[in-house]
Structures are given as C-alpha cells and as structure tokens.
Amino acid sequence: MVASTLAACGGGGDSATPTLNWYINPDSGGQAAIAERCSAESNGAYQIVVSQLPRDSPAQREQLIRRLAANDTSIDLMSIDVVFPPEFAQAGFLAPVPEDVAQEVTEGVFQGAVDSATWNDELVAVPFWSNTQLLWYRKSVAEAAGLDMSQPVTWEQLIEAAEGQDKLLSAQGRRSESLMVWFNAMLESAGGQYIVESGEGPDDIEFGLATPEADRASEVMAAVANSSAVGPGFTTSNEDTNASEFEGEDAGFMVNWPFVYAQALSKVEAGTLDQSVPDDYGWALYPAVDEGTPSAPPLGGIDIAVSAFSPHPDLAYEAVTCIVSDENQAEYMVTNGNPASSIAVYDDPEVQEAYPMYDTIRESLELAASRPLTAYYSEVLGSFLREFHPPGSVDDQTGERTETLTRAVLNGEQLL
C-alpha cells in the first residue's frame, strides 16, 4: 500500500520537508492518492503520510481519542466520522479553523455537512465527503405493486407492496450504529429531534425521545421489523448483507448507501451477477414516516480535523484545503464511491456517468438530517442500542426508557 510504503521511507520526501501524518478511515486507496497529489502540488511545502485506522467507526474514535488525550504530536490530520467532531472539539483536541479557511471550505457545501463539522456555532472540522441513504427498489416489483416511485412513498406503503408481492423490504436491524441511522431518519421525518437542545454539560441536554414524534417513529420501526416483508436475519442485518440480499430473487425494496450500485456492477463485471439485476434497480428519496410529511434521509460521511497537538497546524490546514478541493472530491467519488460534500461536484460529467442517480443523491443530501450532535455521542448511542434492539420490541415507552437510561449513564449512575 502507498501508505505503508511512504511510512517506511520516513515520509518519502526530503528531510527538510515537514511531514504531515494523516490518519484515515479505510477506503480503496483514494485518500492515499489524494495525499500524493497534494504533496506534489505543495512544491515541497509538506509531505503527507497516511496511516490507516480500524475499519469500525467506534474503533477509529477510540484510537484517536486515546492518543490525543496523551497529547500525541504525531497526528496532524484525521478523517473522522461526522458524529464525532463535537466530542473532539469540546475536549480541546482540535486546532481552531482559521477564518479564511472556514469560509473557503464551506462555500457551496451541503448545509448538513457543514452542520456536522460545527460545534458551539464554530466550524471545528472540514467537510470532506458526505453520504446519504436512498430508497432502492426493483422496478419490476414496484410496477407490479402499482407504486408510483416518481412520488414520495411511506414505510407503510413499502410494507404493503413488499408483502403483496411476497418480496423483501431490507433495512439495517442490527444492534449497531446503523440502527441509530435508521431510527433517527424516521424521527426527523416525523417532525422530531433526538436531541432538541444540546450543550457542553450533560445537564444542558434536552432529549426529544418522550414525545409523540418519537413514539410514531418507534411505531413505524416496529411495524417494519414485525412485518412478513423482512428476512429471518433482520435483527443482524447490516448494509453489506442488505446489499447482497437485494441482488437476490426475493428483492423488492431496500434503504442503503449508494455503494450498492457500484457493487452490483462490479459483480456483473466479475461474472458473478447477471446484468439484468442492476438493470432492474431503481432509486428514489428515502421513505417518509407519514404521507404528506417530508422525508429526512440519513447523513453520513467524513470530516477532516486538524489536531490541536500538531507541530504544523498552518500547513495542515493548507493541506486540508487541497484535499477537499472539488477536483479531489470528484475523483474520490468516482474511484472510491463516496459522494462529495461540495454541491458543484454533481455537475461533473464523470460523476454523472459513474452515478446515474447523482441527482437523487444530491437532492437527498440537501434534505439529509444529522444524527444527534453531542459531545457525548458514544454514551447516547450505547443507551439507544440497549433499549431499541431488537427493533421489533420497541413501543411507545421505549423512547422514555432510553432517555432515562441515557441521563443515568451521563450522570455516572449507571454503566453500559
């Protein structure tokens, strides 16, 4: 790998060239390629060396948090999940974003992506790529069910259509981050918010889980999980298992990230999937909870943060502006399948060719809702998963129980 080769060479540049260590989430080599390009374009100002973090987002957070808590100066840049900037910022682990950089990297960027990189009304990280889930459907199944997919659809309509055609409705019912992604999208569509008011301390947080909106989201979640439209392994299903399930003969509808399209095409190229399968794929905006209410698609992605302990914060931010340029975001989207946070990238002809659903992705990102933005996200998530899994067991009391548990955890009265 490029990353390990550069590291073995001590940065791969002249000894007088400052080295910037960029800790990245695993991908298909796209961030390493960007690091090489930006290093070359700096004309010797810096050399970026990439090091790979664990695949799992919580494990990435744990490794970075432990090292930053020890004032580790070997970290300059970090690719972090969009749910973690508040925690890193409140702990004092992030270098302030210069005003001119903040203005440059937020211009023409999806508002949800900017929000994910903001804490206490200040930009604390830089949006890199954004992600969102779409509603994927088999065109043949939707047509047979009489669903007009050019119009918004609800979860109840999907259950009825899938059951009526004896097909599967695939969603992520596993006890993991993906379950929060699913529930939060339904809660936002119902008009609610997981956290109504956040703050620096646990006592400053106002939850929105003991509300009619949260009860409605729970009701819809249970309706999906208890329907005959989901597969027998629903409570352990994740994005990968759903993508494979959607390639089968029983596929009907699925909520998932855009990677599923490229995955199907790669299998066609490898000769393990017939072309007729992706030819039957259709896509639309995420389902709404109720007819007449807006959809609130999930927001995912990666922000880039600069460590407060970096010996070269100015150079690091210079590198960040190169990394997140429209050209690099477009290249990264085409080669690695991660949608851009810059709106202009969706006008790139190569992006449009690689992603025929580019317009739906763009519209979805314009509507996308963040998961709870809080410095205590790990505690919030852990409490949620304990009460909301399995999803078929949730009821109108689950939200209130989760809120009570979360407060007890945050106050040190209970352990997860």
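Is Ala344 buried, partly exposed or exposed, and what is its relative accessible area? Ala344 is partly exposed, at a relative accessible area of 42%. The model behind this value is predicted.

**Around Ala344**

Ala344 belongs to the loop between helix H15 (326-336) and helix H16 (349-354). Leaving aside residues up to four places away in sequence, Ala344 touches Gly108 and Asp326. Asp326 is 18 residues from Ala344 along the chain, and their C-alpha atoms are separated by 7.4 Å.

**Two other loop residues**

Asn71 and Asp121 also sit in loops. Asn71 is found between helix H3 (57-69) and strand E3 (77-81). Asp121 is found between strand E4 (118-119) and strand E5 (122-123). Phi of Asn71 is positive, in a residue other than glycine. Asp121 also has a positive phi, although it is not a glycine. The table sets out the accessibility of the loop residues.

| Residue | Relative accessible area | Class |
|---|---|---|
| Ala344 | 42% | partly exposed |
| Asn71 | 46% | partly exposed |
| Asp121 | 78% | exposed |

Asp121 counts as exposed because its 78% is over the 50% cut-off.

**Aromatic contacts**

The structure holds 17 aromatic pairs. One of them joins Phe128 and Tyr332. This pair is stacked, with 5.2 Å centre to centre and 20 degrees between the planes. Phe128 lies in strand E6 (residues 126-132) and Tyr332 in helix H15, so the pair ties together parts that are 204 residues apart in sequence. Both Phe128 and Tyr332 are buried.

There is also an aromatic cluster, formed by Trp136, Phe246, Tyr261, Tyr281 and Trp283. The charged end of Arg138 sits over the ring of Phe246, 5.6 Å from the ring centre.

**Helices H9 and H18**

How do helix H9 and helix H18 pack, and at what angle? Helix H9 (residues 177-189) packs against helix H18 (residues 377-388) at about 85 degrees, and their axes are 10 Å apart. That angle makes H9 roughly perpendicular to H18. H9 brings Glu177, Leu179, Met180 and Phe183 to the contact. H18 brings Tyr377, Val380, Leu381, Phe384, Leu385 and Phe388. By class, nine residues of this contact are nonpolar, none is polar and one is charged.

**Beyond H18**

Pro390 lies in the loop between H18 and helix H19 (398-410). A cis peptide bond joins His389 to Pro390, with omega about 0 degrees.

How values were computed. Residues are numbered from 1 along each chain as its sequence is written. This is a predicted model: local features need pLDDT of at least 70, side-chain atom pairs count only at pLDDT 80 or more; totals for chains, interfaces and linings use all residues. Side-chain values use heavy atoms; hydrogens and water are left out. Axes are lines fitted to C-alpha atoms, for helices over the stretch in contact, and angles run from 0 to 180 degrees between N-to-C directions. Helices (H or I, at least four residues) and strands (E, at least two) are DSSP runs, numbered from the N terminus. Angles under 35 degrees count as roughly parallel, over 145 as roughly antiparallel, 65 to 115 as roughly perpendicular and the rest as oblique. Contact means heavy atoms within 4.5 Å. Ala, Val, Leu, Ile, Met, Phe, Trp, Tyr, Cys and Pro count as nonpolar, Asp, Glu, Lys and Arg as charged, and the others, Gly among them, as polar. Buried means under 20% relative accessible area, exposed over 50%, partly exposed in between (1.4 Å probe, protein chains only). Rings of Phe, Tyr and Trp (its six-membered ring) pair if their centres lie within 6.5 Å; planes under 30 degrees apart count as stacked, over 60 as edge-to-face and the rest as tilted. A charge sits over a ring if NZ of Lys or CZ of Arg is within 6 Å of the ring centre and within 35 degrees of the ring normal.
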